[in-house]
Amino acid sequence: MTKPDETPTSPLLKLPAWPNIDFSQFGPVDMKPMSRIQTLVSSVMARNWVSIPHVTHHDEADVSTLTTARRELSESSGVKITPLPYLVKAAVAALKAQPKFNASIDATGRNLVYKQYFHIGIAVDTPAGLLVPVIHDADKKSIPEIATELAELSEMARTKGLPMDKMSGGCFSISSLGSIGGTAFTPIINAPEVAILGVSKTYEKPCRNGEAIAWKDMLPLSLSYDHRVINGADAARFCVDFAEALAEPESLAK
Ligand code: CAO
């Protein structure tokens, strides 16, 4: 009998060659080489997309109190604080409650490695392409510390690029398109991590409050997970834990 690691590749995974088309036959074109980062990211993205069975779970978090809390903390600390550092701390809380999300499949494919540390990657859009700097030991840092580090890392990523040590060791990633727009998307998992949280733009939602209607600030969540490691119920629980942590921003700021 064939051993698991000697199993031949499924014939269903054989891909046809990439279309080789002279686009100029259809109209004027301009050709530019892809940047080094874009080339690297595209091959890693393609590997992750075809080799990880992705499922994206959608939910939303009530961030009505967060909006006030972060403005107050910005004033008292003198550091500009967007929702993102709170999301990092809420991710740590959810990872602690759901350790499967802080695991990786090892290179043999036979073991799950459960990490006892909390390093959170943040997708940063740069002119050269997508980079994911990592906030190491996010559990031990305050919200203003995370905000300051994130501002420094994203500035460095956009102007000079990042050394490998600033992008390694991530346990879980967050991709925020909240400052731009959108209601939901499917983020691609950053292997060997097993999940990534996409967040879209906060919107106001009318909610019943007894006989009255109260408007709440809702943050859309799109959690992509590796279905080899994580099941749908785990993902639903993770989002509930994440949203509960965000609903108490003062506890996250301690
Ligand atoms: N809803 C509404 N507004 C939001 C928000 C959300 N979910 N998230 C951030 N904002 C607001 C911020 O509060 C800020 O507004 P104020 O100045 O009024 O406070 C504004 O949007 C700009 O925020 P920012 O982008 O400067 O900062 P950030 O901490 O939210 O994000 C960074 C930092 C580096 C993640 C971001 O600049 C970035 O690069 N985002 C793109 C990531 C990306 O491309 N992901 C896709 C990867 S897959 O291709």
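These are legends for a set of close-up views of one predicted protein model.

**Figure 1. The whole chain, before we zoom in.** As this is a predicted model, take each view below as a look at computed coordinates. The protein chain folds into six helices and eleven strands. Its C-alpha atoms fill a box of roughly 60 × 55 × 45 Å along the principal axes. Of the 254 residues in the protein chain, 38% are buried. Seven salt bridges turn up in the structure, and a few of them get their own panels below.

**Figure 2. Lys-205 and Glu-60 pair up across the sequence.** Here the side chains of Lys-205 and Glu-60 meet in a salt bridge, with N to O at 2.4 Å. The two partners come from distant parts of the chain, 145 residues apart: Lys-205 belongs to strand S10 (residues 203-209) and Glu-60 to strand S1 (residues 54-62). As a bit of background, side chains of opposite charge can pair when their charged atoms come close.

**Figure 3. Lys-100 reaches Asp-234 in helix H5.** In this salt bridge the closest N and O atoms of Lys-100 and Asp-234 are 3.0 Å apart. It's another link between distant parts of the chain, with 134 residues separating the pair: Lys-100 is in the loop between helix H3 (84-97) and strand S2 (103-105), while Asp-234 is in helix H5. The two ends of the bridge have their own surroundings to look at. Lys-100 is partly exposed, at 30% relative accessible area. Asp-234 sits at 9% relative accessibility, so it counts as buried.

**Figure 4. Asp-137, an aspartate with a positive phi.** Asp-137 isn't a glycine, yet its phi is positive, at about 50°. For context, most residues other than glycine have a negative phi. Look for Asp-137 in the loop between strand S7 (134-135) and helix H4 (143-159). With 28% relative accessibility, Asp-137 counts as partly exposed. Asp-137 also forms a salt bridge with Lys-140, where the closest N and O atoms are 3.8 Å apart. Lys-140 itself is exposed, at 64% relative accessibility. Elsewhere in the model, salt bridges with shared partners tie Lys-100, Asp-234 and Arg-237 into one network.

**Figure 5. His-119 touches the backbone of Asp-137.** Staying with Asp-137, what lies 2.9 Å from its backbone nitrogen? It's a polar atom of the His-119 side chain. His-119 is in the loop between strand S3 (112-114) and strand S4 (120-122). Why does His-119 count as buried? Its relative accessibility is 10%, and the buried label applies under 20%.

**Figure 6. A cis peptide bond at Ala-191 and Pro-192.** Check the omega angle here: the peptide bond joining Ala-191 and Pro-192 is cis, with omega about 10°. In general, most peptide bonds are trans. Pro-192 is placed in the loop between strand S8 (172-176) and strand S9 (195-199).

**Figure 7. A nonpolar patch on the surface.** Ile-21, Phe-23, Phe-26 and Val-29 make up this nonpolar surface patch, which covers about 460 Å². Phe-26 is a handy one to pick out, in the segment before helix H1 (36-51). Phe-26 has 65% relative accessibility, so it counts as exposed.

**Figure 8. Five glutamates in a patch of negative charge.** Glu-72, Glu-75, Glu-244, Glu-248 and Glu-250 gather on the surface in a patch of negative charge. One of them, Glu-244, is part of helix H5 (residues 232-246).

Figure 9. How many residues separate Tyr-114 and Gly-181 in sequence, and what is their distance in space? They are 67 residues apart along the chain, with 34 Å from C-alpha to C-alpha. Tyr-114 is in strand S3. Tyr-114 is partly exposed, with a relative accessible area of 41%.

Conventions:
Residues numbered from 1 in each chain as written. Predicted model: local features only at pLDDT ≥ 70, side-chain atom pairs only at ≥ 80, totals over all residues. Heavy atoms only, no water. Patch = residues over 30% accessible without salt bridge, like charges linked within 9 Å, V, L, I, M, F, W, Y side chains within 5 Å. Areas by Shrake-Rupley, 256 points an atom, 1.4 Å probe, with all protein chains shown as cover. Salt bridge = Lys/Arg side-chain N within 4 Å of Asp/Glu carboxyl O. Lys, Arg positive; Asp, Glu negative; His and termini not counted. Charge placed at Lys NZ, Arg CZ, Asp CG, Glu CD. Helix = DSSP H or I, 4+ residues; strand = E, 2+ residues; numbered from the N terminus. Buried < 20%, exposed > 50% of the residue type's maximum accessible area, 1.4 Å probe, protein only. Polar contact = N/O pair within 3.5 Å; in protein donor to acceptor, adjacent residues only side chain to side chain.
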